[in-house]
Amino acid sequence: MRERFADSDSFSRIRPKGASRRGRRADRFDDSQPEYDYFASTGFDLGADAEPEEQQYAAPVTDGPATGDRWSTWDQSTPTEKGPEPRPDWVVTELAAVDTELGIVKTGKEADVFLLERAVPGTSRRTLMAAKRYRDAQHRMFHRDSGYLEGRQHKESRVTRAMAKRTAFGKEAIAGQWAAAEFAALCRLWSAGVAVPYPVQITGTEILMEFVGDENGTAAPRLAQLRAEEADIDDLWAQLGRSLALLAYDGYAHGDLSAYNILVHRGRLVIIDVPQIVDVVANPRGLSFLERDVRNVGAWFVSRGLPPESVEALVDSLATDARLRR
Ligand SMILES: Nc1ncnc2c1ncn2[C@@H]1O[C@H](COP(=O)(O)OP(=O)(O)O)[C@@H](O)[C@H]1O
Ligand SMILES: [Mg+2]
């Protein structure tokens with residue numbers, strides 16, 4: 001049997017030239033930083049400048065693939081850790097596939113998003129995915145931890161105790177819960193027809209999903225960054241309204257909707273970042289979450305010329321779709 005990397009830390013040895021670990025960490029919490037342009041970088045460094053302690057802890061690569069960074073992790077996910085059927089054709093499920101990390105798409109507040117290629121060597125089977133890796137509590141500024149995870153039941157009290165004590169295992173468990181929450185939400189929303197990236201699989205704290213962007217690896221801009229000439233405001237508003245209606249009809253609000261959590265790829269609007277979706281019927285503040293979402297993103301549309309009445313009209317129709325009003 002081939003041996004795999006022990007964990008995703010093996011990737012810590014592989015990073016773009018010139019992007020030192022310390023340098024990257026400094027960038028992490030600053031959303032205003034320009035996106036890291038991996039195509040401008042000259043290639044990848046297999047750890048020549050790694051700090052000695054990193055190399056010491058790197059997993060041994062005794063039987064890794066001849067190309068790429070790791071074997072495909074597809075068979076490490078159980079059926080419930082894989083995306084919903086019908087599975088799109090582009091999902092590469094071959095066991096001979098290898099994964100290659102092509103660079104960082106974006107470092108966020110709570111997770112980092114990487115561009116990953118999964119390909120079958122010697123064939124034309126190749127796909128790009130976004131790998132969203134949740135960071136443990138030490139390395140993020142989680143605005144969503146408080147109050148949200150507390151009410152959740154954990155079958156294993158060992159997990160509960162570790163989370164309360166914030167042990168290394170506990171921190172990993174919290175990151176894993178956020179990843180699991182987002183994966184479940186993506187599966188649910190994708191199946192309901194909401195425009196979200198197709199969720200391919202989850203392993204631990206890593207979600208692999210459809211990469212929203214070009215074949216060459218250029219990620220789609222966020223709505224907030226869209227240039228005026230790229231934006232057909234009426235059409236984007238209509239697409240958003242359709243997705244939010246499906247979400248509301250299913251009984252949910254996004255919970256953190258903004259022009260930063262919406263991507264636009266060649267005119268197609270895609271909603272991202274969904275770990276905190278809110279059950280608007282069960283949650284006593286459900287309606288106010290729904291209103292806040294729509295007004296938040298609505299403000300961006302109004303600044304681009306949408307009539308303000310359209311925002312309130314959408315709030316009303318979504319409240320009806322969610323059966324919060326008659
Ligand atoms: N599926 C995807 N395809 C392309 N880019 C993505 C994808 N998912 C996330 N991104 C990029 O990564 C950024 C951070 O992802 P997001 O899910 O919003 O995480 P965070 O919780 O850190 O805000 C996004 O703003 C977007 O630019
Ligand atoms: Mg986000």
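Mentor: The expected span of a helix is 1.5 Å times one less than its number of residues, where helices (H or I, at least four residues) and strands (E, at least two) are DSSP runs numbered from the N terminus. This is a predicted model, in which local features need pLDDT of at least 70 and side-chain atom pairs count only at pLDDT 80 or more, while totals for chains, interfaces and linings use all residues. Residues are numbered from 1 along each chain as its sequence is written, and chains are lettered from A and ligands numbered from 1 in the order in which they are written.

Let us take helix α7, residues 308-321. With 14 residues at 1.5 Å a residue, α7 should span 20 Å, and because its end C-alpha atoms are 20 Å apart, the model agrees with that expectation. Now look for its buried residues (20 or more other C-beta atoms within 10 Å of the residue's own, against 12 or fewer for exposed and in between for partly exposed, with C-beta atoms placed from the backbone). In α7 these are Val311, Leu314, Val315 and Leu318. Seen down the axis of α7, they fall within an arc of 100 degrees (the arc of the directions from the helix axis to the C-beta atoms), so they line one face of the helix. An α-helix has 3.6 residues a turn, so residues three or four places apart point the same way.

What does that face meet? The buried residues of α7 pack against α5 (233-249) and α6 (286-303), where two residues are in contact if their C-beta atoms, placed from the backbone, lie within 7 Å. After α7 comes Arg323, which has a positive phi, near 60 degrees.

Following α5 is Gly251, with a positive phi near 95 degrees.

As for the setting, the protein has seven helices and 12 strands, and buried residues make up 31% of its 326 residues.
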